[in-house]
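Hi there,

Here is the structure I promised to pass on to you. My notes on what turned up in it follow below.

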Amino acid sequence: MGKAAALCGGGTRGLVSLLSAVPCLACHELPAMSAEPGGRGGGGPAGGPPAAPPGSDTYKGWLFKWTNYLKGYQRRWFVLSNGLLSYYRTQAEMAHTCRGTINLSTAHIDTEDSCNIVLSNGGRTYHLKANSEVERQRWVTALELAKAKAIRMRNNQSDDSGDEEPASQSDKSELHGPLKTLSSKLEDLSTCNELIAKHGAALQRSLSELENLRLPADSGEKIKAVNERATLFRITSNAMINACRDFLDLAESHSRKWQRLLQHEREQRIRLEETIEQLAKQHNSLERACRGAPGLAAGTASISSTAKAGSVQSTKGEASDEDEETEYFDAMEDAPAFITVTADPKHHRRSGSNLSGASEGHPEDWNLEDSVFESSNQSSYNESMGKDLLPRKRRRTRIPDKPNYSLNLWSIMKNCIGKELSKIPMPVNFNEPLSMLQRLTEDLEYHELLDKAVKCESSTEQMCFVAAFSVSSYSTTVHRTAKPFNPLLGETFELDRLEELGFRSLCEQVSHHPPAAAHHVYSRRGWTLWQEITIASKFRGKYLSIMPLGAIHLEFHSSGNHYVWRKVTSTVHNIIVGKLWIDQSGEIEIVNHKSKDKCQLKFTPYSYFSRDVPRKVTGVVSDADGKAHYVMSGTWDEKMECSKILHSSHGSTSTEGKQKTVYQTLSPKVLWRKYPLPENAENMYFFSELALTLNEPEERVAPTDSRLRPDQRLMESGRWDEANVEKQRLEEKQRAVRRRREAEAVEALEEGKDYEGYIPLWFERKVDAVTGELICVYKGGYWEAKDKQDWSVCPDIF
């Protein structure tokens with residue numbers, strides 16, 4: 001009876017609560033629940049509409065966050081969802097940039113005064129301030145509830161970390177557990193209902209006896225009203241019991257449905273994992289077989305034109321109406337689709353209605369003896385072009401082996417989702433001992449392509465070499481998954497090969513946020529290259545996107561041909577689990593602004609399910625009238641070939657509804673082939689021969705040169721712990737300089753003066769006459785200062 005009484009008491013309190021909410025429900029409002037996330041009053045310090053609809057797990061609003069002693073508290077938009085508190089500068093930033101996130105499951109929540117909140121999680125602490133004590137209390141309540149829910153979710157996840165079969169049994173028990181609890185609660189409610197009915201009937205009998213007594217008239221009316229309320233109470237309790245029974249029946253039916261769906265999804269996931277594993281094994285075996293095939297060896301003179309296409313072209317293996325030398329290119333997606341047919345100029349001079357004369361060419365123009373395409377051997381070319389140059393200086397061919405330090409990348413990157421990569425503090429364990437300026441200089445590894453382009457008389461032929469040069473800059477990235485050092489503001493890097501290779505290069509970090517580097521290269525062999533590159537990088541959880549922004553300019557001195565192009569997007573995959581690998585994707589449009597020739601290159605993204613060759617690059621070179629002259633094909637990590645077009649025609653319509661263009665071409669010629677990596681490259685960060693020399697100490701360089709950067713030098717020597725300490729010192733020194741500049745800017749603003757900010761030493765901003773963009777161009781003075789060894793203008797950045 002004691003248990004029944006207790007249950008009855010609990011049921012009565014719940015019923016009273018339910019009845020008290022009825023008037024609010026009738027007028028479509030909820031009772032005040034400011035303590036719940038997503039409840040009313042979540043608009044934040046600035047007031048306004050509710051932060052989230054009632055019942056939502058998300059709580060949003062404005063709070064003030066402590067930034068630094070210079071700026072103090074700054075207004076930020078905070079979002080509490082799924083146990084994570086994230087903040088943004090504005091509501092619009094929620095779509096693309098998260099400024100920071102803290103996990104509440106392991107966080108400590110504290111209140112300093114009536115309006116302040118302190119959140120701490122390991123080494124991260126947020127000092128927040130609300131507009132009022134009421135608003136602070138709403139946030140604290142929402143944070144506490146979210147923290148409790150996050151802890152429960154974490155514990156549940158840790159309990160589900162067993163094998164597949166035990167997990168299945170656990171899922172079943174988790175599904176049946178709540179049902180048993182609901183059943184027991186329903187029995188308790190039934191007991192309450194019986195007690196309520198019993199006591200209600202006794203109460204009604206007592207009231208009926210009171211009505212029969214001789215009492216004053218007003219007492220009779222009161223007793224009648226009490227009797228009606230007792231009847232209403234009994235009816236309501238019966239309705240509550242029936243509603244609970246209906247809820248239990250609904251939960252049972254839905255639980256069976258959810259269990260079937262869960263089992264189906266689990267089976268589908270297992271099948272998909274098995275399929276992907278099988279595909280990965282097949283892919284690896286095919287790669288090994290392809291590498292071991294003797295017909296793919298480079299430099300074999302007797303290879304047929306079909307085999308010469310190598311991994312670049314997909315040859316037709318079955319019998320067809322075409323000649324044995326016929327080769328096909330798959331149609332490009334998101335670009336004018338085309339097919340090339342390689343023809344022998346002596347036997348395949350076709351003429352007919354199926355071939356148009358839009359791109360007719362003459363085979364004699366493709367003369368192997370006279371054409372500049374024949375200059376494919378680097379050593380013979382250097383002998384012919386470099387008689388006036390000094391012998392090459394002997395440079396290093398090794399650096400200390402990379403130490404075997406294990407560090408979990410995900411443990412650092414998981415709190416950086418949505419942030420700019422340049423703003424993420426990283427240990428040197430994820431770096432390579434080169435700066436971004438040196439990586440930019442690596443684009444010149446195949447500079448001889450531009451030296452050959454100088455000799456071209458045809459602008460379209462010259463465009464082929466420029467296109468091959470633009471692709472060659474990605475060949476060093478195929479194994480280079482490490483991150484280069486972010487240059488300090490004012491840091492420089494020179495590569496003076498004027499006496500050996502005919503060019504000299506200079507890079508300078510001209511901006512820190514956003515990070516931007518200016519680059520200028522002069523070659524006495526007849527060309528000049530310059531660019532300003534800003535790296536926009538986003539960490540997306542499973543992969544990292546690196547988007548170089550800015551145009552690359554190339555001008556040939558004798559012809560005046562001015563080429564402009566932009567880089568494609570680089571993506572680093574398997575950030576969370578698996579082996580890191582890099583892919584390049586997107587399109588490059590190279591434009592000759594003098595002759596209006598164009599080259600459209602497409603970098604096909606890698607796909608497990610694609611039949612295309614991995615890292616494939618295809619494109620067409622056309623003149624100002626849109627007439628196609630050459631077909632470019634290859635891979636960005638191996639080689640690029642060029643095929644001269646004889647005829648073009650319109651072929652059949654593809655499955656995507658695009659009409660394919662059929663190009664009849666001469667046999668392809670290799671314009672560029674990647675140099676083999678040095679011996680033991682896998683233990684030297686997969687550096688190429690040029691990369692191994694970039695950080696080699698040199699005399700007479702500027703005191704801001706990347707070779708003199710201490711943390712980078714320590715890392716190259718294998719002293720990573722010391723390098724991390726030195727890296728923190730340099731970054732803190734740079735922050736102190738930035739804070740000083742900000743203070744000077746504020747002081748100048750208060751005094752009504754202009755403040756110029758940082759001015760690059762060797763570059764100046766000008767509007768580019770070709771693109772109309774504001775770009776940093778070399779203003780001169782560096783090489784003169786080097787000759788005089790006058791570095792007095794250089795800042796102390798190291």
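Buried residues make up 43% of the 798 residues in the protein, where buried means under 20% relative accessible area, exposed means over 50%, and partly exposed is in between (1.4 Å probe, protein chains only). Please keep in mind that this is a predicted model: local features need pLDDT of at least 70, side-chain atom pairs count only at pLDDT 80 or more, and totals for chains, interfaces and linings use all residues. Residues are numbered from 1 along each chain as its sequence is written, and side-chain values use heavy atoms, with hydrogens and water left out.

The accessible surface comes to about 42700 Å² (Shrake-Rupley method, 1.4 Å probe; for residues, only the protein chains shown count as cover), and 52% of this surface belongs to carbon and sulfur atoms. Among contacts (heavy atoms within 4.5 Å) with a separation of 6 or more, 57% are between residues 24 or more positions apart.

Now to the strands. The protein has 14 helices and 27 strands; these are DSSP runs numbered from the N terminus, helices being H or I with at least four residues and strands E with at least two. Two strands pair if DSSP finds at least two bridges between them. An open sheet is formed by 7 strands in the order S4-S3-S2-S1-S7-S6-S5, with antiparallel pairing. Strands S4 (100–103) and S5 (108–110) stand at the edges with a single partner strand each, so one side of each is left without a neighbour in the sheet.

Within this sheet, S1 (residues 59–68) and S2 (residues 72–81) run antiparallel and are joined by 9 bridges, with Trp66 opposite Tyr73 in S2. The hairpin that links S1 to S2 passes through 3 residues. S2 also pairs with S3 (residues 84–88) over 5 bridges, again antiparallel; here Val79 has Ser86 as its bridge partner. That hairpin has 2 residues between the strands, and Asn82 takes a positive phi near 55 degrees. S6 (residues 116–121) and S7 (residues 124–129) are antiparallel too, with 6 bridges, and Ser120 is partnered by Thr125 in S7.

Another strand to look at is S13 (residues 516–523), which is mostly covered: 7 of its 8 residues are buried. S13 has antiparallel links to S12 (residues 503–511) through 8 bridges and to S14 (residues 527–539) through 8 bridges. Ala516 in S13 is the bridge partner of Ser511 and stands opposite Thr534 in S14. The hairpin from S12 to S13 has 4 residues, while the one between S13 and S14 has 3, including Gly526 in the turn with a positive phi of about 115 degrees.

Finally, the charged pairs. Taking a salt bridge as a side-chain nitrogen of Lys or Arg within 4 Å of a carboxyl oxygen of Asp or Glu, the count comes to 38. In one of them, the closest N and O atoms of Arg395 and Glu698 are 3.4 Å apart. Arg395 lies in the loop between helices H6 (378–385) and H7 (409–413), and Glu698 in the loop between H11 (689–694) and H12 (710–716), so the pair ties together parts 303 residues apart in sequence. Arg395 counts as buried, at 17% relative accessibility. By its side-chain contact, Arg738 also forms a salt bridge with Glu742 (3.8 Å, N to O); being 4 residues apart in helix H13 (residues 720–750), the two are separated by about one helical turn.

Best wishes
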